[in-house]
Amino acid sequence: HSSRLVLGIETSCDETGAAVLDETGQILGESLHSQKEVHLRTGGIIPTVAQQLHRENIERVVHEALQRSNVDADQLSAVATTVKPGLALSLGIGLEFSQRFVRKHNKPFIPIHHMEAHALTVRMLQPVAFPFLVLLVSGGHSLLAVARGVDDFLLLGHTLDEAPGDTLDKVARRLSLIKHPQCSTLSGGQAIELLAKDGDRTRFRFRTPMGQTHNCCFSFAGLRNQVTMAIMKKEAEEGIRQGSLLSCVNDIAAATQHTIASHLAKRTHRAILFCKANSLLPERNPTLVLSGGVASNQYIRKALSIVTEMTGLHLLCPPAKFCTDNGVMIAWNGVERLREGKGILPPDVDVFYEPK
Ligand code: KG4
Ligand code: ZN
């Protein structure tokens with residue numbers, strides 16, 4: 001192979017992922033083991049369970065990725081692995097494995113920031129020049145940043161409490177949507193998007209968070225509280241016990257989804273105006289990149305497309321497969337760093353994970 005090859009390894013949350021990419025961003029082989037079903041059954045991620053599942057799968061996943069790419073470990077130019085942020089116990093498995101691997105094969109090691117990887121994935125799929133604005137929304141993250149270079153991000157806002165995917169998952173759990181015939185195998189966010197299609201979003205009214213706060217941060221805990229109160233009120237009215245399905249799940253789903261979309265859109269609008277006022281984005285073809293698990297929500301995409309249309313930005317959203325956690329985005333981040341010679345360590349350097 002003439003191009004340099006990078007192996008990427010991801011274990012920051014509940015996906016064990018590995019992939020081999022060449023320097024052009026071509027995916028030579030990948031493997032992904034998702035723990036989602038297990039965590040759906042236990043009603044949320046139990047860190048020790050996630051750790052154990054990473055431990056059981058990491059070796060196989062990495063070897064599958066190498067095998068599918070028809071690449072020997074010795075042909076790799078570097079190994080890139082997520083070291084932050086994420087669940088400490090999960091990060092530890094990927095990092096331990098990687099450190100043993102790079103020492104055994106005498107390969108350079110590239111520690112990866114999970115959010116940097118999410119933000120850069122789009123550049124693997126199409127040419128997107130720096131700087132661009134990025135909104136990352138998932139079960140673990142919520143942030144707005146200007147990507148100015150491979151390792152140069154200006155953070156404009158982040159969540160002050162929980163991430164929007166976490167809120168959707170918790171609301172779905174409180175509504176016992178797993179018992180809903182259409183939703184038994186769906187994540188909270190997917191269940192709410194599906195049910196909201198047949199819901200009337202005006203039957204419940206939730207306040208959009210942080211209406212009076214003049215920054216680009218997010219908050220979702222207050223919304224979750226409002227939704228919980230509304231659910232409790234309905235349960236009392238209908239004489240329904242917690243854990244049974246309410247008749248108005250579609251309307252609650254629609255109102256919750258709408259409020260999250262509205263909050264994300266308003267904060268992003270604010271960030272765009274800030275970027276314009278401070279000339280942080282190029283005049284030609286300014287771009288908003290939307291990514292993360294929640295970005296696969298069509299209603300939320302639509303809300304953001306209204307904002308970008310109104311402000312003359314170009315909206316880019318990678319396909320769902322690349323919005324969620326995987327080894328490919330980590331390998332791509334490794335490629336970007338390798339090309340620029342940034343943050344590449346010799347195999348014998350001790351690297352530590354950082355949960356935050
Ligand atoms: O990026 P991801 O796979 O994992 C991390 O959290 O890093 O995102 C998972 C999150 C979950 O909270 C899930 O409920 C949410 O993304 N999600 C959605 C949709 N699909 C997944 N949220 C809203 N609408 C969706 N269609
Ligand atoms: Zn992620």
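## Domains of the predicted chain

Domain bounds here come from an automatic or database domain assignment, and for the protein chain this assignment gives domain 1 (5–121 + 322–340) and domain 2 (132–317). The structure is a predicted model, in which local features need pLDDT of at least 70 and side-chain atom pairs count only at pLDDT 80 or more, while totals for chains, interfaces and linings use all residues. Residues are numbered from 1 along each chain as its sequence is written, and chains are lettered from A and ligands numbered from 1 in the order in which they are written.

## Where the domains meet

The centres of domain 1 and domain 2, taken over C-alpha atoms, are separated by 27 Å. Counting two residues as in contact if their C-beta atoms, placed from the backbone, lie within 7 Å, 15 residues of domain 1 are in contact with 19 residues of domain 2. On the side of domain 1 that touches domain 2, at least two residues each are supplied by helix 1 (36–41), helix 4 (114–120) and helix 12 (327–340), where helices (H or I, at least four residues) are DSSP runs numbered from the N terminus. Helix 4 gives the most to this side, with five residues.

## Helix 7 against helix 9

The axes of helix 7 (residues 188–196) and helix 9 (residues 249–277) come within 8 Å and cross at roughly 110 degrees; axes are lines fitted to C-alpha atoms, for helices over the stretch in contact, and angles run from 0 to 180 degrees between N-to-C directions. The two helices are therefore roughly perpendicular to each other, a term that covers angles of 65 to 115 degrees. In this contact, Ile192, Glu193, Leu195 and Ala196 in helix 7 meet Val249, Asn250, Ala253, Ala254, Thr256 and Gln257 in helix 9.

Key
Angles under 35 degrees count as roughly parallel, over 145 as roughly antiparallel, 65 to 115 as roughly perpendicular and the rest as oblique.
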